[in-house]
Amino acid sequence: METVKTIVAALDLEAGSDAVLARAVQLATEHGARLVVVHVVEASSLALAPSPPERHETDLEARLTHQAQAAISALLAEGGSVSADVEVGFGAPHAVITDVAGTRGADLVVIGPGQYHSLGEKVLGSTADRVVRTSPVPVLVVRDRSAARYRRVATAVDFSPQSAAAAKSALLLVPAARFELVHAFSIPLTFEQAMLRAGTSETDMQAYRSAKRASAHKRLSRFVREVFGTETVGTHILDGEPAPSLLRLARSGDIDLLALGPNGRGVILRTLLGSVTQRVLREAACDVLVASVPD
């Protein structure tokens, strides 16, 4: 049986790091997993760090490493007697984090949503966005400051391999939670308008909507059987386009965790986030688990 054995928590040591670490500690304790805490110093931060001109760059890196380790140790101490390996790296944060996840054989990366500090980040995404795109394992993006156990989990389903991976990742991470698989159902307005222009009556339009909705229910039930081998998992059809529907669900207070896949296709999965995933990562009011891209 698969288990979560190693968790990597990525801390930027800014506001919100305590919430990220608390969640990582809670999950590591629950699973009996090894915890690895990583902090990355970017090249721009290294250049701006005050240092006498005669000191070598390696001395500056050693000082910054010591400061980061001290800050992480203080955060760990606030959480009680928690054992963790601490790594401080230098370079592009997403590259260092995904490299640590790979070399450490991580089963999960825990990270905060990050902030968009520059135009480049608004175009390419925050560190969390980039980690989601490149991580070899699922990524948990922490927004909620509570570290209570997840009890209510919703997985977004678009019937793709990515959403199947998201469902399995969530079940592995929180097997005791109450699960519900949700599918956002909508018929494009342009399609309905075209049908009306073609002379379709409102009665026939309503029958078409009902048939499509019934078909979505059947596909969702089949998805549950294929992924879980059971029909005991709850299912629900959300009305509306995927991103707004999922964001309403995340704000409803009915769930603690929303799981979804990267919702891209083919080669773009490694370079772009799907628009639904990216918007949910930016705006969700609850924690979000994004499955890794199936090979």
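This is a predicted model: local features need pLDDT of at least 70, side-chain atom pairs count only at pLDDT 80 or more; totals for chains, interfaces and linings use all residues.
Q: Which residue of strand 8 stands opposite L181?
A: Strand 7 also runs parallel to strand 8, residues 234-239, and six bridges join the two. In strand 8, the residue opposite L181 is T235.

Q: Why is strand 7 largely enclosed by the rest of the structure?
A: Strand 7 spans residues 178-185, eight residues in total. A residue counts as buried when its relative accessible area is under 20%. Strand 7 is largely enclosed because the number of its residues that are buried is six of the eight.

Q: At roughly what angle do the axes of helix 8 and helix 9 cross?
A: Two packed helices are described by the distance between their axes and the angle between them. Helix 8 (residues 189-197) and helix 9 (residues 202-228) have axes that come within 10 Å. Their crossing is right-handed, and the angle is roughly 145°.

Q: How many residues of the contact of helix 8 with helix 9 are charged?
A: Helix 8 brings F191, E192, M195 and L196 to this contact, while helix 9 brings M205, Y208 and R209. Five of the contact residues are nonpolar and none is polar. The number of charged residues is two.

Notes. Residues are numbered from 1 along each chain as its sequence is written. Side-chain values use heavy atoms; hydrogens and water are left out. Buried means under 20% relative accessible area, exposed over 50%, partly exposed in between (1.4 Å probe, protein chains only). Helices (H or I, at least four residues) and strands (E, at least two) are DSSP runs, numbered from the N terminus. Two strands pair if DSSP finds at least two bridges between them. Axes are lines fitted to C-alpha atoms, for helices over the stretch in contact, and angles run from 0 to 180 degrees between N-to-C directions. A crossing is left-handed if the near helix is turned anticlockwise from the far one by less than a right angle, and right-handed if clockwise. Contact means heavy atoms within 4.5 Å. Ala, Val, Leu, Ile, Met, Phe, Trp, Tyr, Cys and Pro count as nonpolar, Asp, Glu, Lys and Arg as charged, and the others, Gly among them, as polar.
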